[in-house]
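Please look over the sequence and the structure shown here before reading on. The text below is meant to be read beside them.

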Amino acid sequence: MSGANSNPTRSASAIARSLKEGRSHQKTNAFTNIPKQVEEVLEKWNTATSRRNFLKSSGLLVVSFSAAPLVSTAAAEAAAAAQAAGGPYPDPDFHQLDSWIVIHEDNTAAFYVGKTDLGQGTGTAFRQMMSDELDIPFDKTTCIMGTTNLTVDQGGSGGSDAIQVDGWPMRRVAAEARRILLDMASKRFGVPVDDLTVNDGVITVKADPTKKITYGELIGGKKFNVALTAANNNIDNTTGVAKVKPVQQLNMVGKSPQRDDIPRKVDGSGTWAVDVKLPGMVHARNVKPPVAGAKLISIDESSVRNIPGLVKVVSKGNYVAVVCEREEHAIQAARQLKVNWEKPATAAFPTSDDLFKFMRNATPTSKRQPNVVGNPDAALASAAKVVEAEYEMPFQGHTAISPAHALADPSNGQMTIYSNDMKSYGLRNGVSQFLEIPRDRVRVIWMDGPQAYGRTAADDAGFEAAFLAKEIGRPVRVQWMRNEETAWDTKGPAFTFKVRGALDTQGNLVALDFNARAADYNHLGYNEADTVLIAQLMGRRRAMPAPGNSDIPSDMYAIPNRRMVAEVVSLPTIWETPLRTGNLRDPNGPQVTFAAESFIDEMAAAAEADPLQFRMKLLNASTTDDNGFRRARSIAVLKTAAETFGWDTRPSPKRPGNGTILPGRGVAYTYRGQTVLAVIAEVEVNRKTGHVWVKRLVCAHDCGLIINPEALRRSVEGGMLHSLSRALYEEVKFDGEKVTSVDWITHPTLTHLDAPAKIDVLLVNGDPNPNRPDLPHYGAGEASLKPTIAAVANAIYDATGVRLRRVPFRNARVLEALKAAGV
Amino acid sequence: MSNVTLKVNGKSHTLDIDASTPLLYILRNDLGLRGPRFGCGLGQCGACTVIINGVATRSCITPVSTVKSEVTTLEGIAKNGKLHPVQQAWIDEQVPQCGFCQNGQIMTAKALLDKNTNPTDTQIREAMAKTLCRCFTYYRVQLAIKRAARAIASLGSNRSKEVVA
């Protein structure tokens, strides 16, 4: 443990202090005077229209932008003229400060950013970061996100990068705005900038405090007209002349103002993408092929002739949809429509029961260059003890609580799509290509929606709505049904793993041979015009399917001999299949870390070592570290988790007693980028039923500089429980031709009954120099998914002595394993 | 089609509608309410929950013809401009992630607390068991229900003091 002592690891209590005690839990005014929804914010400073009166008169919620916002300098006039005619919708120019920040006459500010907040509070975090740099009160700011013609294109969300990557240009442009405002005040008062102070959006002459002026008075309602630079024309590099503040001068960063999206989510006042209604809008439902690869032969339209308000049966290739005036009639029509399909001659895929056998026997379609250290074969051959294990993770879906949906409006020869797609800019680009509409004639208005933890069917629904709207010439709202969503949503790839490890006579892990194989060939990207489902069904496919990904473990263990191989295999059918893969919240991390960290536990057990100490030893076996101090920070999170949990040092398994309930604890550790974390799970396994209850979860989490600790805690909690659902319940089942998981009975999920009694999220700052002026902020949206499954598997082993190597750990599987082991 | 009269959040509405239509579509599409949401259409997830006669009811599988009493939706539980204690607890506890299911979480919790102002942990888990959340906010929802129960209890004791005074 000498290595650990030389590192600045800190106890949980010290860490709690470091989180600026007394500053968290601070409540901020709900900011009711400046509403959050895009259209309402725009209304506030669009004097040209009174949308509220219009709403009153129509009696329906109608979303429309009837005048141009003051967005980018270059585009503002053009946009003003164009929007009066309903378009076009050019991109705001990210090289212009005005595209990012607007300061109003009442000394409030609106931040326009190209990200989407999926419910983890990134919008609130952006306001914290930008208000700090701008020196304006947090509660006088608002953040507008993800609307393609209003906000700069930062790509929407993905990869847990909102704070880590996109937060930097946001901070820099806010710092630049502050610099410009100080310059303006300097000219106004005829004193050098150094003789001015700025506080809460008010600039004061130091020598004469009666001389002061607000930002609003300086520039309110006017444009900055300041150009920014961006190396390589990359928006992530956008910067002005000003430097961001050192971490010690940040005020709102590190506090926990309440998330600004929550009030509208609890009082029913929010307008979600599912809520938008437009005059003349019609409702569409898809009619999916009954089996993968089915070919449409004919449609009997007379089968739906009795449906009231039937607008049209639309079909192209194997894509079929019905459109009706009323939603319930569209649902009825989709169920009733008689379609003659021809099944493919051969099975599209193995059954879910045969999947892993199929994958093991398949020839890989691609293989990453093996990652080799030392000589693993020689080490394995001469080892004192060799352990081998195979692990299996099934396909798991997004299975969003709301099926995919979108509304597309083709008015004025434009295409406006209301969507919760986390990559609204990609949806805009993809639809433009797909329908051959110029890019600046398509806009996507991002709105609240169900969880978007990766590549969901929201992409597909957006394309479908736009296609149908173009066909019908009226606004079309598409909503998938539950069975479609559960069966046809993109899936996280299934994995098989083959792992071997070697111990020397002292119980040191001297070799690791890790093979990960993912069923991920033709992995879907986001919003691709040649891979979205409607394109596939219409026969529009790319010539070269994406090779897909597999992955290797993420750890800082010093293991002298290692070989890590990541391979991809293909299912027999890769197009027009419900078993299509796409990113699901940390695309491969939960699968790979399940195998990797279960296996480390198996090696600890083989060495008769405490599993936590076994990991510590592997981390301390080297003193070299990377430039983000990832090894030192790994040790810090393991120590913190263990201290808080009250880890009892002993080898696993615990000898099971005679009772019905078998308690146990397990640990797992990993990193995601520069975010490092350890999870400890305490379980109770019911010997009679096989039921596993994860009674307690402790997560020590180090994602660098923390913007909003309370929002981060909840995001980490949600991530761990998402992973727990995947550990205990989730598996997409299929026969040889279709997915048979179609609802919440056939695709069970975690429920309230499974909630742990206690969750501790410990926010660790294990940086050797936590006072670094430019301490970076890393991503946190997905990391907590990675170690949780392994922590649970390891805890079950500790409780029962039974090693579960196949996810999910549903009662029947656990009970069978217990019985087989005589527990 | 037939004339159906519905009382929702204190207001009566008469609609010319197929009486077998699930209540959810009437609430959302004809009355413009946004609280209850479509999640499964099968009564399995709870996103569409409304309260009828004190019972948390799944409006996606409730034909409008069977609705004989007033319907309360998420929009109808705040009183006199003040959030219901359950809603306030949801904000104080910062419960939602995406928030799509939270209508069901809140309405089911309210129906529970209306009947049982001091539920045990087990009673909370069981009452909420079939209200699903795919951002997995269950832990926070349960903390918020306990917080709301405390708030309701303190409101109640204040009220009885007022009566005494």
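The paragraphs that follow go from domains and chain contacts to sheets and helices.

This is a predicted model. In chain A, the domain assignment gives domain 1 (31–173 + 220–266), domain 2 (282–345 + 404–480) and domain 3 (618–820). Domain 1 of chain A puts 23 residues into its contact with domain 2 of chain A, which in turn puts in 19 residues. Sorted by class, the side of domain 1 of chain A that touches domain 2 of chain A has 13 polar residues, eight nonpolar and two charged.

Next comes the contact between chains. Here 49 residues of chain A are in contact with 46 residues of chain B. Three helices of chain A, namely α9 (262–266), α10 (327–336) and α20 (709–728), each supply at least two residues of the side of chain A that touches chain B. The most comes from α20(A), with seven residues. The class count for the side of chain A that touches chain B is 20 nonpolar, 17 polar and 12 charged residues.

Turn now to the sheets. Seven strands of chain A make up an open sheet with mixed pairing, in the order β9-β10-β7-β19-β16-β17-β18. At its edges are β9 (310–316) and β18 (442–446) of chain A, each of which pairs on one side only. Neighbouring strands of this sheet are turned against each other by 20° on average, direction ignored.

Which residues cover the two faces of β19 (residues 476–479) of chain A? On one side are A:Val476 and A:Val478, on the other A:Arg477 and A:Gln479, and all are buried. In the sheet order, β19(A) stands between β7 and β16 of chain A. With β7 (residues 282–286) of chain A, β19(A) pairs in the parallel sense over three bridges; A:Ala284 stands opposite A:Val478 in this pair of strands. With β16(A), β19(A) runs antiparallel, joined by four bridges, and the bridge partner of A:His405 in β19(A) is A:Gln479.

On from there, β16 (residues 405–409) and β17 (residues 415–419) of chain A form an antiparallel pair over three bridges. A:Leu407 stands opposite A:Tyr418 in β17(A). Helix α13 (residues 424–435) of chain A packs on this sheet, where α13(A) touches β17 and β18 of chain A. The direction of α13(A) makes about 150° with that of β18(A).

Another open sheet of chain A has three strands with antiparallel pairing, in the order β4-β5-β6. Because β4 (196–199) and β6 (208–214) of chain A stand at the edges, each with a single partner strand, one side of each is left without a neighbour in the sheet. The twist from one strand to the next averages 25°. Four bridges join β4(A) to β5 (residues 202–205) of chain A in the antiparallel sense, and the partner of A:Asn199 in β5(A) is A:Val202. Helix α7 (residues 162–189) of chain A packs on the sheet and touches β4, β5 and β6 of chain A, its direction making about 130° with that of β4(A).

One further helix remains. Helix α17 (residues 589–606) of chain A has 18 residues and reaches 25 Å from its first C-alpha to its last, close to the 26 Å expected at 1.5 Å a residue. Is α17(A) mostly covered or mostly exposed? It is mostly covered, with 17 of its 18 residues buried. Just after α17(A), A:Glu608 takes a positive phi of about 55°.

Terms used. Residues numbered from 1 in each chain as written. Chains lettered and ligands numbered in written order. Predicted model: local features only at pLDDT ≥ 70, side-chain atom pairs only at ≥ 80, totals over all residues. Domains from an automatic or database assignment. Contact = placed C-beta atoms within 7 Å. Nonpolar A, V, L, I, M, F, W, Y, C, P; charged D, E, K, R; others polar. Pairing = 2+ DSSP bridges. Axes fitted to C-alpha atoms, helices over the stretch in contact; angles between N-to-C directions. Expected span 1.5 Å × (residues − 1). Buried ≥ 20, exposed ≤ 12 C-beta atoms within 10 Å, placed from the backbone.
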